[in-house]
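Let's take a friendly walk through a protein model, one part at a time. Keep the picture in view as you read.

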There are 2 protein chains.
Amino acid sequence: MEKYQFATIAALVLLTVTVPASATPVSPNGITLYEDYRTWQVVAPSYREDKNHIRVILGNPIAYKAMKNKVQPMPDGAVLAKVAWTVKKHPKFPVATEPDAFAQVEFMVKDAQKYQSTGGWGFARFVGEKYEPYGKDAGFVGECFGCHTPVKDNDYLFTGFGAVP
Amino acid sequence: MEKYQFATIAALVLLTVTVPASATPVSPNGITLYEDYRTWQVVAPSYREDKNHIRVILGNPIAYKAMKNKVQPMPDGAVLAKVAWTVKKHPKFPVATEPDAFAQVEFMVKDAQKYQSTGGWGFARFVGEKYEPYGKDAGFVGECFGCHTPVKDNDYLFTGFGAVP
């Protein structure tokens, strides 16, 4: 009987120890990586010549609907993901610039109350293959918000919806 | 009684006359515009500096799954859409290139039997706000297939899957 109890305790300890290794990354301001972002619908592509990044902005269902219908400010619960890859010129067709390696994913999370001091948006960035959270502490959002301030009149969003007929 | 019958016939005639105006565009080779393409999942973005186009390649569920799992040749029923917009530099952030106006959408439709002579792929392009079918007759596919021949070893596909960790 005691032997079984020991085995159970050992198993529980092992479980506790292994959880952190596979845990979802969390930004210093408490935003957790949205693991299903890759399946969200596309808002628009973009290309950053200064960073040599090609990107797609994806939206969760709330954000996608708001973008499509030009609803601003976006409702709480809207989340946008900006996925960036480094670029390469296609080896057989060099006028085409395409994704090479994954670079980072950034999120903008709408909660008008919670993120009141940064335009109602929470910001997060996860870098590289290990999704390392960007920023030493929660103060990193000053950098994000500063860059987005020039587009305050557009609900702090740069890229518009890639509309089709 | 006769008056009502006339009204019914007149309404039916009107219905028949208005249908073609709202019908879904069809390519000269018989491929109909996939009207729900805008909601498909993103395979990858791309940028064509020669055409000043920024693009996203989207996949229907069969194509998306095949791209993600690197299944080649793709199974029948796979359809890829390449959506292109003309570009603009963001007015407040000119190092970012973003969609301006819708330019065209192109489809590649997999049916190994039906499209045997063009690598198992049917090609179609719909141009501009009215989705005008490209090509004077079905021979236009020679142009598409010719351009895609250099990537025969990649199931005739240029752009790879924009993978994320």
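What follows goes from the single chain to the pair of chains.

## Before we start

This is a predicted model, in which local features need pLDDT of at least 70, side-chain atom pairs count only at pLDDT 80 or more, and totals for chains, interfaces and linings use all residues. Residues are numbered from 1 along each chain as its sequence is written, while chains are lettered from A and ligands numbered from 1 in the order in which they are written.

## Chain A in outline

The secondary structure of chain A comes to three helices and six strands. Here helices (H or I, at least four residues) and strands (E, at least two) are DSSP runs, numbered from the N terminus. Starting from that end, the elements of chain A run α-β-β-α-β-β-β-β-α.

Of the 165 residues in chain A, 35% are buried. A residue is called buried if 20 or more other C-beta atoms lie within 10 Å of its own, exposed if 12 or fewer, and partly exposed in between, with the C-beta atoms placed from the backbone. Two residues are in contact if their C-beta atoms, placed from the backbone, lie within 7 Å. Among contacts in chain A between residues at least 6 apart in sequence, 48% join residues at least 24 apart.

## A helix with a buried face

Which residues of helix α2 (residues 61-68) of chain A are buried? They are Ala63(A), Tyr64(A), Ala66(A) and Met67(A). Seen down the axis of α2(A), these buried residues fall within an arc of 165°, so they line one face of the helix. The arc is that of the directions from the helix axis to the C-beta atoms.

What covers the buried residues of α2(A) includes β1 (41-48), β2 (53-59) and β3 (79-90) of chain A. After α2(A) comes Lys70(A), whose phi is positive, near 55°.

## Strands side by side

Two strands pair if DSSP finds at least two bridges between them. In chain A, β3(A) and β4(A) pair in the antiparallel sense over eleven bridges, and a hairpin of two residues joins them. His90(A) has Phe93(A) in β4(A) as its bridge partner.

β4(A) is also joined by seven bridges to strand β5 (residues 121-127) of chain A, and these two run antiparallel. There, the bridge partner of Val105(A) is Phe126(A) in β5(A).

## Two chains, one relation

Chain B can be laid on chain A with an RMSD of 0.0 Å by a turn of 180° and a shift of 0.0 Å along the axis. That is the relation of a two-fold axis. The copies are superposed by least squares on the C-alpha atoms of residues with pLDDT of at least 70 in both.

## Where the chains meet

How many residues does the contact take from each chain? It takes 37 residues from chain B and 37 residues from chain A. On the side of chain B that touches chain A, β4(B) gives the most, with eight residues. Across the two chains, strand β4 (residues 93-110) of chain A and β1(B) pair in the antiparallel sense over two bridges, and Ala96(A) stands opposite Arg48(B) in β1(B).
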